[in-house]
Amino acid sequence: MDREEAAELLERQRCIRTLLALLNAPEECAVSDLLDHIGGSRSTGINRLDELRSAGLVQKRAGNNRTPYTLTTDGKEVVEQLQAALQTIQAASKENNEHH
């Protein structure tokens, strides 16, 4: 997956929510645990995780009945940058609302 494809992936709200859920998870997270936080069907969740894995943002480890997912180092960096951008937008929005 090239940079343009990865950027398009990050334009999708559910992908961002998946990454944020993994960042905030206390440890590795199974698909069912992620879906409890972000919603959606199992097949959609698995497809989303596979796309994020192809982009190098998520990794999975084979388990017995559960396949745990975590962020890669690159994934953590991307999500931290997204969080910083969201906080900047929220602060600007709040400031703008206070002036009107």
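## Terms and model

Helix axes are lines fitted to C-alpha atoms over the stretch in contact, and angles between N-to-C directions run from 0 to 180 degrees. Helices (H or I, at least four residues) and strands (E, at least two) are DSSP runs, numbered from the N terminus.

The model is predicted: local features need pLDDT of at least 70, side-chain atom pairs count only at pLDDT 80 or more, and totals for chains, interfaces and linings use all residues. Residues are numbered from 1 along each chain as its sequence is written, and side-chain values use heavy atoms, with hydrogens and water left out.

## Overall layout

The protein has five helices and two strands, in the order α-α-α-α-β-β-α from the N terminus. Its C-alpha trace spans about 55 × 30 × 25 Å along the principal axes.

Of the 100 residues, 28% are buried, meaning under 20% relative accessible area with a 1.4 Å probe and protein chains only (exposed is over 50%, partly exposed in between). Contact means heavy atoms within 4.5 Å. Among contacts between residues at least 6 apart in sequence, 50% join residues at least 24 apart.

## Packing of H3 and H4

Helix H3 (residues 31–38) packs against helix H4 (residues 42–54) at about 105°, and the two axes are 10 Å apart. The pair is therefore roughly perpendicular, the class for angles of 65 to 115 degrees (under 35 is roughly parallel, over 145 roughly antiparallel, the rest oblique).

On the H3 side, Val31, Ser32, Leu34, Leu35 and Ile38 meet Arg42, Gly45, Ile46, Arg48 and Leu49 of H4. By class, this contact has six nonpolar, two polar and two charged residues. Ala, Val, Leu, Ile, Met, Phe, Trp, Tyr, Cys and Pro count as nonpolar, Asp, Glu, Lys and Arg as charged, and the others, including Gly, as polar.

## Nonpolar core

A nonpolar core is a set of buried Ala, Val, Leu, Ile, Met, Phe, Trp, Tyr and Cys residues joined through side-chain atoms within 4.5 Å. The largest has 19 residues, and Leu19, Leu22, Leu49, Leu52 and Val58 have the most contacts inside it. Helix H2 (13–24), H3, H4 and strand E2 (69–71) each give two or more residues to this core; the largest share, five residues, is from H2.

Beyond its neighbours within four places in sequence, Leu52 contacts Leu9, Cys15, Thr18, Leu19, Leu57 and Val58.

## Cysteines

The whole structure contains zero disulfides, a disulfide being a pair of cysteine sulfur atoms within 2.5 Å. The sulfur of Cys15 has its closest cysteine sulfur in Cys29, 15 Å away, too far for a bond. Cys15 is buried at 0% relative accessibility, and Cys29 is buried at 6%.
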